[in-house]
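Work through the exercises below with the model open in your viewer. Try each task before you read its solution.

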Amino acid sequence: MSQTLDPTTNTAGGRFVRVDGIDMYRISNVDTTPFFLMTVVSDSDHWMYVSTGGGLAAGRVGPERSLFPYETDDRLYRAGGITGPFTLLRVARDGADIVLWEPLTGKSDAQHRRRNLYKSQTGDTVMFEETRTDLGLTFRYQWSTSAEFGF
């Protein structure tokens, strides 16, 4: 059974969707839920733990060969913006009005944002998404593994 999101309440809800040809489970308004930890599975020797807050630990084989440090879940919850990607967008609005937008950080205007989280049914891809309704823009990034290319 899937849940649908009531846009007037800003509460989290989940359902299966198809994104770029991949069947995924979407949690709408994920930022209204407490942080939780996910794994990204691999068919090779890669391992990754990702917090819904954006922090992650990843590597090959074991913790001693980590790309991002192996940490406990409570530290990964606080590591968003420290590990993983960082994006800063400078958006021109109405000619001269400039807005700085740091998607998927705590510095975004909560009143005008919608955050969704996607995970593939196979568990090998996790995608983060933030939409700024006042700017009419959506930003996404994803983590996945590949035996040939790594993360």
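Predicted model: local features only at pLDDT ≥ 70, side-chain atom pairs only at ≥ 80, totals over all residues.

**Exercise 1. A second pair**

Classify the pair of Phe139 and Tyr141 from its ring geometry.

Solution. Take the distance of the centres and the angle of the planes, since a pair of aromatic rings is described by these two values. The centres of Phe139 and Tyr141 are 6.5 Å apart and the planes stand at 50°, so the pair is tilted. Then check burial. Phe139 has 17% relative accessibility and counts as buried. Tyr141 is buried too, at 16%.

**Exercise 2. Trace the strand pairing**

List the secondary structure, then follow the pairing from S1 to S11.

Solution. 

1. Count the elements. The protein chain has one helix and 11 strands. Along the sequence the pattern reads β-β-β-β-β-β-α-β-β-β-β-β.
2. Begin with S1 (residues 13–19) and S2 (residues 22–28). They run antiparallel and are joined by seven bridges. Val19 has Ile22 as its bridge partner in S2. Two residues lie between the strands of this hairpin, and Asp20 in the turn has a positive phi of about 50°.
3. Go from S2 to S9 (residues 113–120). Five bridges join these antiparallel strands. Arg26 stands opposite Tyr118 in S9.
4. Go from S9 to S10. Seven bridges link this antiparallel pair, and Arg115 has Glu130 as its bridge partner in S10. The hairpin has four residues between the strands, with Gly123 in the turn at a positive phi of about 80°.
5. Finish with S10 and S11. They pair in the antiparallel sense over eight bridges. Glu129 stands opposite Arg140 in S11. This hairpin also has four residues between its strands, and Gly136 takes a positive phi near 70°.
6. Arg140 lies over the face of Tyr118, at 5.7 Å from the ring centre.

**Exercise 3. Find the core**

Which residues of the largest nonpolar core touch the most other members?

Solution. The core has 18 residues, and Met48, Val50 and Phe128 touch the most other members. S11 supplies the largest share, three residues. Inspect Val50. Beyond four places in sequence, its contacts are Phe36, Leu37, Met38, Val40, Gly55, Leu56 and Phe128. Another core of five residues lies apart from the largest one, and includes Val17, Val19, Met24 and Met127.

**Exercise 4. Judge the burial of S10**

Why is S10 described as largely enclosed by the rest of the structure?

Solution. Count its buried residues: seven of the eight are buried, so S10 is largely enclosed. For the chain as a whole, buried residues make up 37% of the 151 residues. The protein chain exposes about 8900 Å², with 51% supplied by carbon and sulfur atoms.

Key
Residues numbered from 1 in each chain as written. Heavy atoms only, no water. Buried < 20%, exposed > 50% of the residue type's maximum accessible area, 1.4 Å probe, protein only. Areas by Shrake-Rupley, 256 points an atom, 1.4 Å probe, with all protein chains shown as cover. Core = buried A, V, L, I, M, F, W, Y, C linked by side-chain atoms within 4.5 Å. Contact = heavy atoms within 4.5 Å. Phe/Tyr/Trp six-rings, centres within 6.5 Å; stacked < 30°, edge-to-face > 60°. Lys NZ or Arg CZ within 6 Å of the ring centre and 35° of its normal. Pairing = 2+ DSSP bridges.
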